[in-house]
Amino acid sequence: MLDSYILMNKQPKNIIKLFTFSIFLLFFILILLVSKLTYTPYLEKKSRVMFMNNDFYLELDVSKKELDIISRANKIIIDNREYFYRIALRRNNNSKQKIYLDIKNLVPSYKINNYVLLVKFKEESKRGIYSLIGGES
């Protein structure tokens, strides 16, 4: 009986209180940083350079979601250089769509028929907390 009374009324040591407080403080700071952190995702696609109508175009096979991203943006990134573009032509297939982009001031070394390029499109900035909680948003 006396042993249980001692165990029930024993106060925790100061080091345990300090350790618990510091763990909660670090957890709070981590949540605060993740909620304020933003990042910019990129849509990466392989494209082919096509020569049509006396001009060079980039041909892309895209889905409907990717088409929305591409139509909202106006800049394309090729080898860490930004170029302005416009959608010149669209062709619909069953699940994919082919689009042709007219690039302004494309480097002459890229102007080779059927040349494959890795291109990037900048999407909207997102917060880090949404990626941890619900995936895409």
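Reader: Among contacts between residues at least 6 apart in sequence, what share joins residues at least 24 apart?
Author: In this predicted model, 64% of the contacts between residues at least 6 apart in sequence join residues that are at least 24 apart.

Reader: And what does the chain hold in the way of helices and strands?
Author: The chain has four helices and eight strands, and along the sequence they follow the pattern α-α-β-β-β-α-β-β-β-β-β-α.

Reader: Is the chain spread out or a compact globule?
Author: The chain is more spread out than a compact globule, because its radius of gyration is 27 Å, well over the 14 Å that the globule rule gives for 137 residues. Taken along the principal axes, the box filled by the C-alpha atoms is roughly 95 × 35 × 20 Å.

Reader: How much of it counts as buried, then?
Author: Of the 137 residues, 27% count as buried. The accessible surface of the chain comes to about 10,600 Å², and 58% of that surface belongs to carbon and sulfur atoms.

Reader: Switching to the sheet: in which order do the strands close into a barrel?
Author: Six strands close into the barrel in the order 2-3-6-5-4-7, with antiparallel pairing. Neighbouring strands of this sheet are turned by 45° against each other on average, if direction is ignored.

Reader: What packs on that sheet?
Author: Helix 3, residues 64–72, packs on the sheet and touches strands 2, 3, 5, 6 and 7, while its direction makes about 140° with that of strand 3.

Reader: Over how many bridges do strand 2 and strand 7 pair?
Author: Strand 2 (residues 42–52) and strand 7 (residues 116–122) pair over seven bridges in the antiparallel sense, and within this pairing Lys46 stands opposite Leu118 of strand 7.

Reader: Now the aromatics: how many aromatic pairs are there?
Author: The structure holds three aromatic pairs. One of them is formed by Phe51 and Phe56, whose ring centres are 4.9 Å apart and whose planes stand at 55°, so the pair is tilted. Phe51 is partly exposed, with a relative accessible area of 43%.

Reader: Why does the pair of Tyr85 and Phe121 count as edge-to-face?
Author: The ring planes of Tyr85 and Phe121 stand at 75°, with the centres 5.7 Å apart, so the pair is edge-to-face, the cut-off for that class being planes over 60 degrees apart. Tyr85 lies in strand 5 and Phe121 in strand 7, so this pair ties together parts that are 36 residues apart in sequence.

Reader: Are those two buried or exposed?
Author: Tyr85 and Phe121 are both buried.

Methods:
Residues numbered from 1 in each chain as written. Predicted model: local features only at pLDDT ≥ 70, side-chain atom pairs only at ≥ 80, totals over all residues. Heavy atoms only, no water. Pairing = 2+ DSSP bridges. Helix = DSSP H or I, 4+ residues; strand = E, 2+ residues; numbered from the N terminus. Axes fitted to C-alpha atoms, helices over the stretch in contact; angles between N-to-C directions. Contact = heavy atoms within 4.5 Å. Phe/Tyr/Trp six-rings, centres within 6.5 Å; stacked < 30°, edge-to-face > 60°. Buried < 20%, exposed > 50% of the residue type's maximum accessible area, 1.4 Å probe, protein only. Rg over C-alpha atoms; globule rule 2.2 N^0.38 Å. Areas by Shrake-Rupley, 256 points an atom, 1.4 Å probe, with all protein chains shown as cover.
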